[in-house]
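Hi everyone, thanks for coming. I'd like to walk you through one structure today, so please have a look at it with me.

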Amino acid sequence: MNFTLHIWRQKNAAAKGKFETYKVHDISPDCSFLEMLDILNEQLIHDKIAHPVCFDNDCREGICGMCGLYINGRPHGNDDGVTTCQLHMRKFRDGDEIWIEPWRAKAFPVICDLVVDRSAFDKIIQAGGYISVTTGGVPDANCIPIPKDVADRAMDAAECIGCGACVAACKNASAMLFVGAKVAHLSLLPQGQPEARQRVKKMVMKMDELGFGSCTNILACEAECPKQIKRQNIARLNRQFIASLFDGNRRDDD
Amino acid sequence: MAHERIVRIHSISKKLLVGLFASFLVVFLFFHMSANLLILLHDDGAAYTAFCHFMGTNPLVKVAEVALFGSFFIHIVLASYLWLCNRRKRPVGYHKRSRTRTAAASKLAMITGSLLLICLVFHFYDFYLVKMNVVEGLYMVKLEELNNSDINEDAIWTADEEGEYKEFTETGLRWFEITSKTNSDVWLNNLTKEDTEILQQVYRNINTEPDFYHMAHEKFTKWHIVLCYLLFFALVGIHIRHGFESLFQTFGLNNRRYAPVIKWCGIIYTWIICLGFSTVTLGVFFGL
Ligand code: HEM
Ligand code: FES
């Protein structure tokens, strides 16, 4: 398969970027999108045309959340429930023009080419996305009973890999689906409940501070999430946020 | 710091306020639509006129009216403010247009909202500003009031050129008839501004009220006005189709079990509102 690629090139955060056009030939339909970019980079190095294109990746099996490209108007490209590394070239037609852009959001500044700084997500987690426990002897497996149904829902929310596609897809660059998923998987389980009220406030406050937009329920995030995290997690976040406003125990205030 | 705490409003709180005031609007819209249906009763407007009289004179309604305008104002200002803030969260946009599959009504909420605002201005011009005495419309006055008020003996009462106005001077029947205009047992209605001015010269201290029943009939017999109103209702429908579901999501009342119920309630509510308003408008147009 042959493709024409329009790729966003930007030397560093301060530089002004622009699109460059490259052609790739004889790409196998079974090639993943990142492998296709690898082939392009080898070509760029071999032919001494340009610096290789920078893009983030790590696991290449859809679990680390590092890879994230805005491909032809969709985060992670034209397939549902997959990350960019799991997107295959057979999803395109031979001869297609492909526009590849980095995530665009105030909170995710571009570092180089297609790589963006997603440490804002880490900061949100640091603000409250944890549980405080005394480490020590390992407790018995069944000493805290958790209904299967609840465990399943917590597990579904915990699938979030923090790739940032929700922010990239959202017209408002809102991180509500990410924060909703993180708040959900912690607060659904008994270990996460004691800190639930403070957690939601701290994480929302951090999210606002870092320059994410506010949700207007367009639900592009849900449509593009590679892990198919559901909108109900945003509703739960809102619910817990409202509850936190009426919480008498405002330990997080000082 | 303490002062920061007071002024800092979480993004979710702002959204909650947009939704809270929108929820008043959603309730209001239903009542407005239901009341309008009275126009279609075959009673020469008796029920609707009685309703308008109640709405125009009851002091509690006045309070509700202020609350309603406040809700509109806050909803619009806050929603626009949120929209402006959100636009700044992506300083560099995408080159390719988004191809994410989302509901158009949701993506376009700000656009349908802004168009609604324009429609509302015209709608106000058509009806509400008459009540505020800014725009001329049609008026009505209670016959009982005419009967009980003093006749101004000094008033010089002349018939107009066409001789339309006739004075009833018989003692005991101290009201006059304006020929060719409709009368009910209770109201002298369908009066122009000029009519009311003449009336006020003859009868001291009478209160005229806007005659919305006849105003609706006057407006909705013109096809272009009917068409504009149908577009207005369609816009309301599109805005509400997003708004209804969005409201539950914003207040955290959505979960996997409720989601389909909320969705269907939203669809049914939207159709009831759209069809209700349209039925009245078309009903008047076709003289049903
Ligand atoms: C007929 C009157 C109106 C009704 C019944 C109404 C109702 C609603 C409802 C229920 C929502 C969803 C709120 C939420 O998600 O929490 C909404 C959202 C919105 N409304 Fe209205 N609205 C009306 C008029 C307007 C007008 C005149 C504007 C003009 C600017 C406007 C702008 C918006 C915007 C931008 C949103 C999206 C905000 C968001 O989802 O966060 N609305 N409206
Ligand atoms: S590289 Fe790890 S999810 Fe794509």
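Let's begin at the metal. The iron atom of ligand 1 has 6 donor atoms, and the angles among them run from 85 to 180 degrees, which makes the site octahedral. Please keep in mind that this is a predicted model.

Which residues does the protein itself contribute as donors to this iron atom? They are His75(B) and His239(B), each through its NE2 atom, lying 2.0 to 2.1 Å from the iron. In the chain, these two sit 164 residues apart: His75(B) belongs to helix 4 (residues 59-87) of chain B, and His239(B) to helix 10 (residues 223-250) of chain B.

Are these histidines buried or exposed? His75(B) has a relative accessible area of 14%, and His239(B) has 18%. The cut-off for buried is under 20%, so His75(B) counts as buried, and so does His239(B).

Staying in chain B, take a look at strand 4 (residues 187-191), where 4 of the 5 residues are buried. Strand 4 of chain B pairs with strand 1 (residues 139-142) of chain B in the antiparallel sense, over 3 bridges. Within that pairing, Leu188(B) is the bridge partner of Val141(B).

Now over to chain A. Here 5 strands make an open, mixed sheet, in the order 2-1-5-3-4. At its edges are strand 2 (18-24) and strand 4 (74-75) of chain A, each pairing on one side only. Further in, strand 1 (residues 3-9) and strand 5 (residues 97-101) of chain A run parallel, joined by 4 bridges, and His6(A) stands opposite Trp99(A) of strand 5.

Terms used: Residues are numbered from 1 along each chain as its sequence is written. Chains are lettered from A and ligands numbered from 1 in the order in which they are written. This is a predicted model: local features need pLDDT of at least 70, side-chain atom pairs count only at pLDDT 80 or more; totals for chains, interfaces and linings use all residues. Side-chain values use heavy atoms; hydrogens and water are left out. Two strands pair if DSSP finds at least two bridges between them. Buried means under 20% relative accessible area, exposed over 50%, partly exposed in between (1.4 Å probe, protein chains only). Donors are N, O and S atoms within 2.8 Å of the metal (3.2 Å for Na, K and Ca); water is not among the atoms, so sites may look incomplete. Four donors count as tetrahedral if all angles lie between 85 and 135 degrees; four count as square planar and six as octahedral if opposite donors are over 155 degrees apart and all others between 65 and 115; anything else is irregular.
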